[in-house]
Amino acid sequence: MLNPRVGQFFTSWDVSRMMAEMMLADAGATIAGSGFIILSERAAVARVMLLAAAETLRLQGHDPAQTMLTHAAEISPLASRCFLQLAFAGLPALTERRDTLSRERFEAAWTPATVAF
């Protein structure tokens, strides 16, 4: 599925976890203050970054289903796979198939976990 001609390069799980750990090192303070955090991934076809963030929060003792709201955007028709993966993971998320440069939106859906969030 990798297509370097159009700029698709997928981030590995290990790199995604390292980035999530660095980015969310003080997530507890934000969650304590507002009850949740919002994460946005603008090239989410591989959805690894959001799943790594959820795993990082779990390891910190937070329930990502209650403390992490995600927004996943992707221009590729594979964006529907992103919806399924986030839904199966039980994460509250808005998934969109959109062009993040022109802001044109083609379709969008909220995962079922968003209702309980």
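**View 1. Arg98 is a buried arginine, with a relative accessible area of 15%.** Here "buried" means under 20% relative accessible area, "exposed" means over 50%, and "partly exposed" is in between (1.4 Å probe, protein chains only). Arg98 sits in strand E3; helices (H or I, at least four residues) and strands (E, at least two) are DSSP runs, numbered from the N terminus. What does the side chain of Arg98 pair up with? It joins the side chain of Glu96 through a polar contact of 3.0 Å. A polar contact is a pair of N or O atoms within 3.5 Å; within protein, one must be able to donate a hydrogen and the other to accept it, and residues adjacent in sequence count only if both atoms are side-chain atoms. Setting aside neighbours within four places in sequence, Arg98 is also in contact (heavy atoms within 4.5 Å) with Ala73, Glu74, Ile75, Arg103, Glu104, Arg105 and Phe106.

A quick note before the next views: this is a predicted model, where local features need pLDDT of at least 70 and side-chain atom pairs count only at pLDDT 80 or more, while totals for chains, interfaces and linings use all residues. Residues are numbered from 1 along each chain as its sequence is written, and side-chain values use heavy atoms, with hydrogens and water left out.

**View 2. Arg103 sits in the loop between strand E3 (93–98) and strand E4 (105–110).** Is Arg103 buried or exposed? Arg103 is exposed, with a relative accessible area of 67%. Take a look at its backbone too: Arg103 has a positive phi of about 70°, although it isn't a glycine.

**View 3. Helix H1 (residues 13–23) has buried residues on one face.** Ser16, Arg17 and Ala20 are the buried ones. Seen down the axis of H1, the buried residues fall within an arc of 100° (taken from the directions from the helix axis to the C-beta atoms), so they line one face of the helix. That buried set packs against H3. On the other side of H1, you'll find Asp14 and Met22 exposed.

**View 4. Thr56 lies in helix H3.** Which residues does Thr56 touch, not counting residues up to four places away in sequence? They are Arg17, Ala20, Glu21 and Leu24. Thr56 and Met22 are 34 residues apart along the chain, and their C-alpha atoms are separated by 9.7 Å.

**View 5. The largest nonpolar core has 18 residues.** A nonpolar core is a set of buried Ala, Val, Leu, Ile, Met, Phe, Trp, Tyr and Cys residues joined through side-chain atoms within 4.5 Å. Leu24, Ile37, Leu39, Leu57, Met68 and Leu86 touch the most other members. Two or more residues come from each of helix H2 (27–34), strand E1 (37–41), helix H3 (48–59), strand E2 (68–74) and helix H5 (79–88). H3 gives the most, with 6 residues. Zoom in on Leu24: leaving out residues up to four places away in sequence, it touches Ile37, Leu39, Ala53, Thr56, Leu57 and Gln60.
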